[in-house]
Amino acid sequence: MRNAITFRGGEGLSLAAVCILVTALCGLPLALLFAVGLAPDGVLSLSPLGETFASRSVQRALWNSLESSFLSAVLATVLGTALALAIGLTNLRAKAALVFLVLVPMMIPPHVTAIAWSQALGPASPVLQWLGLAPPPGAAHPVYSLQGLVALLALQHMPIVFLVVRAGLRAFPRELSDAARVSGARAPRLLWRITLPLLAPSLLAGFVLAFVSALGNFGINALIGIPARYTTLPVLIWRRLAGFGPDIIGSVALVAIVLALVTLVLVALQGVLQRRLRNALVGLPQQPLAVDLGRARLPVEIGVWSFLALTLLLPAASLVATSLVRTYGLPLAADSFTLENYAEILFRQSVTLRAFANSTFAAAVAAVLIAVISVILGYFLTVGRGASRRLAGLAAAQADVAYAVPGLVMSIAFILMFLRPLPLVGIGLYGTLAIILIAYVAVFLSIGLKSVAAAYMQIDASLDDAARVSGAGFARRILRIYAPLVAPAAASGAILVFLTSYNEVTVSALLWSTGNETIGTTIFNYEDGGYTTLAAAMASVTVVATVVVMLAVNALARHVPAGTIPWKD
């Protein structure tokens, strides 16, 4: 009896501790944000929110956010679906390489994407100048427009739609398509009458995910929208707080609430669509289809590879070329070639050295902490029963909301929470690297948790019962049984967290301070301040680091459960 009481107490304390921690990091800051915005005097009132909605600048920014997000989500859905159908339904060769390349834009930070494309297509593009295709000097930059903003947002979020539709293709019942093919239905009729209707829930879910992602995107909206004089809500929030400082936090919180409410509505819609997806697609995951394209296979392959080359190589080449010239606008030639920009950012500029060190430290520590939290919370979420599972599910839902809500909204929430010194201890976190680290843990916890939960779900539930009967306590079961089994998935999730947070700018845009710069904010500040060649050099380094980490994650494929790594079957 004593062992049973100790066991239950240890398990209960662990569950309580991890749930309190997740609530403090993910739920409490958002609750404080809504409290400050809607009840500044301790009395709930919707009038401040109504006044914020009535502001012409907020209305314009909200409309711009909805317009650009909707249009980019439509384009992302079309592109992502076309690629998913081509790769998932046909006998194209080198599918693994194609999937990897399709997902690369999702891993590249949005502000780097914006910088790369602005340098690739403008009059000063070194690649277009070398090819003789550059627009004439003084011509309008094609990227600095609504069309350019929508196109870049679509390219950034196209991989999300691709993943959702590809998962739907692998899960829908193949018997229907086989029966249609036996009945003589050709590929176009099969696509329009069977495949796309069955994929409708996936298409809608992918569209909503792309919409939500575009709504909270800061890097592209800022670097493309500001020159185009097209202000969205994330940019409006950043401009107000960056221009007036913490004293204006109350009014900025109201704008952040507007953005959060729109996002939460879409997240709720996403949940409904996901439930429809599970109900509509009743098949088990299967090997990818391989519809024989016949003579059309080579043209389709050329089209897919050409599209990927255009979307990846052109901006990458322009980014590198810009980083190798002495002054922005010069064509890349023998007399303009230099490595000074790389030497400047890697060895001379103290701000860039600090940024690399800060981002590496914050991303690495956040990845480790998320891995530990995920192993414990994932146990209760999948192995736990009754009230423990429901409590863990509530904590996981808070992590999902913190990830879905735009990063700038979470930044405002963390500023409100840590603007003053912590009670009792008297330690202030605002203006330190610690607040960025804590924000990373809160915002990206969902990424690591999903990887670990997927691994837990593949473990036989009877293993826990056998360990309990043998007298193993909670700590012993976690350390000796479950942690080793889910360690590969936890490591894979930690690497993905590191990859995501290492280059991000949305979360840290409002949290950084002098001495606590991150890679993302430094690149953004270089570009915003006109130091384009230095921004290109630093962005090039981060792209290389991103691809290297993706390859490292890819190397873990054989050691983690299927589906843990998005681009692996």
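Visitor: At what angle do helix α18 (residues 433-456) and helix α20 (residues 474-502) pack?
Guide: Helices here are DSSP runs of H or I with at least four residues, strands are runs of E with at least two, and numbering starts from the N terminus. Axes are lines fitted to C-alpha atoms, for helices over the stretch in contact, with angles from 0 to 180 degrees between N-to-C directions. The axes of α18 and α20 are 8 Å apart, and the two helices pack at an angle of about 135°.

Visitor: What sort of model are we looking at?
Guide: Residues are numbered from 1 along each chain as its sequence is written, and side-chain values use heavy atoms, with hydrogens and water left out. Local features need pLDDT of at least 70 and side-chain atom pairs count only at pLDDT 80 or more, while totals for chains, interfaces and linings use all residues, since this is a predicted model.

Visitor: Back to α18 and α20: which word describes their orientation?
Guide: Angles under 35 degrees count as roughly parallel, over 145 as roughly antiparallel, 65 to 115 as roughly perpendicular and the rest as oblique. The angle here is about 135°. The relation of α18 to α20 is therefore oblique.

Visitor: What is the handedness of the crossing where α18 passes α20?
Guide: A crossing is left-handed if the near helix is turned anticlockwise from the far one by less than a right angle, and right-handed if clockwise. Where α18 passes α20, the crossing is right-handed.

Visitor: How far apart in space are C19 and Q398, C-alpha to C-alpha?
Guide: C19 lies in helix α1 (residues 2-38) and counts as buried at 7% relative accessibility. Leaving aside neighbours within four places, C19 is in contact with L391, A392 and A395. C19 and Q398 are 379 residues apart in sequence, while the C-alpha distance is 9.8 Å.

Visitor: Which residues does S388 contact beyond its neighbours within four places in sequence?
Guide: S388 has its place in helix α16 (residues 386-404). At 16% relative accessibility, S388 counts as buried. Its contacts beyond those neighbours are L15 and F380.

Visitor: How is α21 oriented to α22?
Guide: Helix α21 (residues 519-528) and helix α22 (residues 532-555) have axes 7 Å apart and pack at about 155°. That makes the orientation of α21 to α22 roughly antiparallel.

Visitor: How many charged residues are in the contact of α21 with α22?
Guide: The crossing of these two helices, α21 and α22, is left-handed. Among the residues of α21 that take part are I519, Y526 and E527, and those they meet in α22 include L534, A535 and M538. The contact of α21 with α22 has seven nonpolar residues, three polar and, as for charged, one.

Visitor: Where is R229, whose phi is positive, in the chain?
Guide: Most residues other than glycine have a negative phi. Phi of R229 is near 55°, and R229 counts as exposed at 81% relative accessibility. Its place is the loop between α10 (219-223) and α11 (233-244).

Visitor: Which helix has the lowest mean pLDDT among the elements?
Guide: pLDDT is the predictor's confidence in each residue, from 0 to 100. The protein averages 83, with 87% of the residues at 70 or above. Where pLDDT is low, the predicted coordinates should not be read in detail. Helix α15 (residues 350-382) has the highest mean, 93, and the lowest, 59, belongs to helix α8 (residues 174-182).

Methods: Buried < 20%, exposed > 50% of the residue type's maximum accessible area, 1.4 Å probe, protein only. Contact = heavy atoms within 4.5 Å. Nonpolar A, V, L, I, M, F, W, Y, C, P; charged D, E, K, R; others polar.
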